[in-house]
Amino acid sequence: MATPRSTSTRAETQSTGTFVRSTPGSHSLERGLALLRAFRHGVDVLTNAELADRTQLPRPTVSRLTRSLVDAGFLAYDLEQRGYRLTAACLSLALSFRTSEQTLAQALPLMRALAEGRRVNVGLAVADQLEMVYLDSVRFSRLGIFRRILPGSRLPIASTSLGCAFLAGMQATERKALLGQLRKAHGSDWPALQRQVDAALRAVDAQGYCHANWAPGMTAVALPLRAPSGSLYAMNVSFPTTGEVSADALQAHADLLLRLAADLRKTWTR
């Protein structure tokens with residue numbers, strides 16, 4: 001008898017909503033991208049030694065990869081500082097991402113209206129490996145001036161409401177895999193963090209949002225938000241606090257966040 005033909009990975013991707021491919025990936029490409037990820041806001045130039053330290057890759061491997069990235073036009077060598085910096089090619093990629101995400105353009109006016117009207121901070125983020133990356137943020141200043149955190153700013157997943165909300169919105173298999181990576185990365189600190197994550201996941205399941213006090217003097221409530229395209233985001237509302245935040249204040253800001261999410265979902269489906 002002929003062996004039954006297995007379902008193609010393309011069909012499995014479509015049916016499960018999770019990207020699946022049987023073709024092996026390229027380790028060299030993954031390592032090269034890890035070097036690009038090592039550059040963060042405020043870090044202009046990195047040497048081979050610094051890149052090796054940040055990526056935990058062998059120094060000879062880093063040297064070969066930086067050579068390839070220079071040849072490909074993604075890195076440039078700074079003669080004065082004796083290190084590498086990103087080129088405009090990376091900015092072009094970022095711009096392409098921004099313009100392709102129409103949901104972000106629709107979200108920002110609603111986020112700004114809430115921030116200005118209620119004097120709170122509003123942010124929209126997505127996970128990248130073991131961190132959350134801000135896609136947009138409108139921050140209220142006590143001086144009455146509004147400023148946006150630069151897109152690309154990062155914060156940890158396990159200890160923030162944004163990160164826990166994103167975990168809550170993930171499919172079970174993807175969430176399990178990410179939690180495994182977080183457990184390995186945090187080592188002995190993970191048991192305490194896991195208790196916080198588990199509590200946040202229960203909160204999202206029960207009331208639609210979770211909260212955390214990651215930054216001193218600031219409390220944030222967050223929820224998962226899935227766009228019509230299937231893209232998963234996390235949105236938060238944060239506000240300054242002194243001491244322990246009251247249940248009434250927490251609920252009031254959670255209500256603002258829930259209404260904002262409802263309004264954004266309506267905008268996305270028009």
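Trainee: How much of the contacts with a separation of 6 or more comes from residues 24 or more positions apart?
Mentor: In this protein such residues account for 51% of the contacts with a separation of 6 or more, where a contact means heavy atoms within 4.5 Å. Keep in mind that this is a predicted model, where local features need pLDDT of at least 70, side-chain atom pairs count only at pLDDT 80 or more, and totals for chains, interfaces and linings use all residues. Residues are numbered from 1 along each chain as its sequence is written, and side-chain values use heavy atoms, with hydrogens and water left out.

Trainee: Okay, and how many helices and strands are there?
Mentor: The protein has ten helices and nine strands. Those are DSSP runs numbered from the N terminus: helices are H or I with at least four residues, strands are E with at least two.

Trainee: What share of the residues is buried?
Mentor: Of the 270 residues, 38% count as buried. Buried means under 20% relative accessible area, exposed means over 50%, and partly exposed is in between, using a 1.4 Å probe and protein chains only.

Trainee: Let's look at strands. Is β8 mostly covered or uncovered?
Mentor: Mostly covered: β8 spans residues 218-226, and seven of its nine residues are buried. Strand β9 (residues 232-240) is largely enclosed by the rest of the structure, because eight of its nine residues are buried.

Trainee: How many bridges hold β8 and β9 together?
Mentor: They pair in the antiparallel sense over nine bridges; strands pair if DSSP finds at least two bridges between them. L223 stands opposite M235 in β9, and R226 stands opposite L232. The β8 and β9 hairpin has five residues between the strands, and G230 there takes a positive phi near 100°.

Trainee: What else pairs with β9?
Mentor: β3 does, antiparallel, over five bridges. Here L124 stands opposite M235 in β9.

Trainee: And on the β7 side, how many bridges join β7 to β8?
Mentor: Three bridges join β7 (residues 210-212) to β8, and the two run antiparallel. H211 stands opposite V221 in β8. β7 and β8 form a hairpin too, with five residues between them, and G217 in the turn has a positive phi of about 75°.

Trainee: Where do R82 and Q129 sit?
Mentor: R82 lies in the loop between β1 (75-78) and β2 (83-86). At 64% relative accessibility, R82 counts as exposed. Q129 is in the loop between β3 (121-128) and β4 (131-140), and Q129 is exposed, with a relative accessible area of 52%.

Trainee: Switching to helices: at what angle do α2 and α4 cross?
Mentor: The axes of α2 (residues 27-37) and α4 (residues 59-72) come within 10 Å and cross at roughly 80°. So α2 and α4 are roughly perpendicular to each other. Axes are lines fitted to C-alpha atoms, for helices over the stretch in contact, with angles from 0 to 180 degrees between N-to-C directions; under 35 degrees is roughly parallel, over 145 roughly antiparallel, 65 to 115 roughly perpendicular, and the rest oblique.

Trainee: Which residues make that contact?
Mentor: S28, R31, G32, L35 and L36 of α2 meet T61, V62, L65, T66 and L69 of α4.
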